Amino acid sequence: MFWSNQPPLGLLEGNYFTNEGYFDVGNKGIVEIVTDETNKIINIEFNEYAAENYYASKYAGANKRLSDYAFLQAKNPRTDTTLVTVVNGITFVEKQMREENRVTGNFETVKGSSTTARQGLMAIAAELSEEIKQPSKTKYIGYTEDFGDGLIGRLQLTVMDGKIQTARYDEYFADQPEKINADQLKPYYRQSKYFSLDYNAATNNDFVTFSNDLTRKIIEQQSLTIEDSKLMQHPSFVSYQKLMQHISL
């Protein structure tokens with residue numbers, strides 16, 4: 001049973017649209033869409049967060065795509081017949097929407113994920129069907145790079161009227177543990193530093209704190225050039241610098 005958490009590599013710029021909603025007893029779905037100057041979908045990304053009262057308390061409010069939630073699913077006997085996780089369901093629908101350049105109508109869904117897809121994510125995306133036909137006042141600019149050591153860095157910004165509205169920085173672990181150089185990081189494959197529950201428990205949320213402080217500073221200063229001694233001492237700051245140099249505002 002295989003699934004991938006990898007974001008699109010390289011520079012991505014365009015019109016930005018997003019929508020969210022709740023489904024299936026409290027799960028939260030979020031869709032983000034980026035279109036080009038011809039209003040063609042160049043990226044679409046779904047995320048699902050478990051309900052706050054989720055039966056497995058560890059995953060209450062957790063990002064299902066970028067935590068180890070899919071591994072929990074994979075161990076569940078009912079996936080022995082479907083051989084898919086929520087991540088398979090999400091990425092399968094995303095691929096069709098990108099390739100067919102639409103968010104409405106019928107899409108194929110993988111066995112076992114139809115509820116999440118049809119009642120949740122597809123319905124949330126469909127609400128943007130008219131909006132994405134026009135340019136957006138909010139622009140997206142992001143850069144993602146494979147560092148070659150089993151980590152993939154991702155910097156994402158949304159900008160309106162030349163002002164940075166949101167900033168996100170994350171690092172994704174490779175899909176296969178053997179591609180991760182550092183032995184202590186191998187257990188977290190197919191997850192991200194920001195959303196991995198186990199990684200953050202082991203590191204006392206060190207990366208989350210760094211990422212939150214970094215992105216807050218970016219918005220406050222309206223600049224990607226950060227000269228903060230505490231942030232600059234963090235091991236991930238060098239990785240951030242590798243990404244930010246590819247983005248011009």
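Modeller: Contact means heavy atoms within 4.5 Å. The model is predicted, with pLDDT of at least 70 needed for local features and 80 or more for side-chain atom pairs, while totals for chains, interfaces and linings use all residues. Residues are numbered from 1 along each chain, and side-chain values use heavy atoms, without hydrogens and water.

Colleague: Is Leu12 buried or exposed, and with what relative accessible area?

Modeller: Leu12 belongs to strand E1, residues 10-23 (strands, at least two residues, and helices, at least four, are DSSP runs numbered from the N terminus). Buried means under 20% relative accessible area, exposed over 50%, and partly exposed in between (1.4 Å probe, protein chains only). Leu12 is therefore buried, with a value of 17%.

Colleague: Which residues is Leu12 in contact with, leaving aside its neighbours within four places in sequence?

Modeller: Val34 is 22 residues from Leu12 along the chain, with 8.5 Å between their C-alpha atoms. With neighbours within four places in sequence set aside, the contacts of Leu12 are Val34, Ile42, Asn43, Tyr140, Ile141 and Gly142.

Colleague: How far apart in space are Ser196 and Tyr69, C-alpha to C-alpha?

Modeller: Ser196 sits in the loop between strand E6 (163-173) and helix H5 (197-202). Ser196 is buried, because its relative accessible area is 0%. Setting aside neighbours within four places in sequence, Ser196 contacts Leu66, Ser67, Tyr188 and Gln191. In sequence Ser196 and Tyr69 are 127 residues apart, and C-alpha to C-alpha the separation is 9.1 Å.

Colleague: At what angle do the axes of H6 and H8 cross?

Modeller: Helix H6 covers residues 206-221 and helix H8 covers residues 236-244. Their axes come within 11 Å of each other (lines fitted to C-alpha atoms over the stretch in contact, with angles from 0 to 180 degrees between N-to-C directions). The crossing angle is roughly 45 degrees.

Colleague: Why is H6 described as oblique to H8, and which residues of H8 make the contact?

Modeller: Under 35 degrees counts as roughly parallel, over 145 as roughly antiparallel, 65 to 115 as roughly perpendicular and the rest as oblique. The crossing at roughly 45 degrees therefore makes H6 oblique to H8. H6 contributes Phe207, Phe210, Leu214 and Ile218 to the contact, and H8 contributes Ser236, Phe237 and Tyr240.

Colleague: What is phi of Asn101 near?

Modeller: Asn101 is in the loop between helix H3 (86-100) and helix H4 (114-126). Asn101 is partly exposed, with a relative accessible area of 36%. Phi is positive in this residue other than glycine, near 50 degrees.

Colleague: What is phi of Asn205 near?

Modeller: Asn205 is in the loop between H5 and H6, and is partly exposed at 38% relative accessible area. Asn205 is a residue other than glycine with a positive phi, near 60 degrees.
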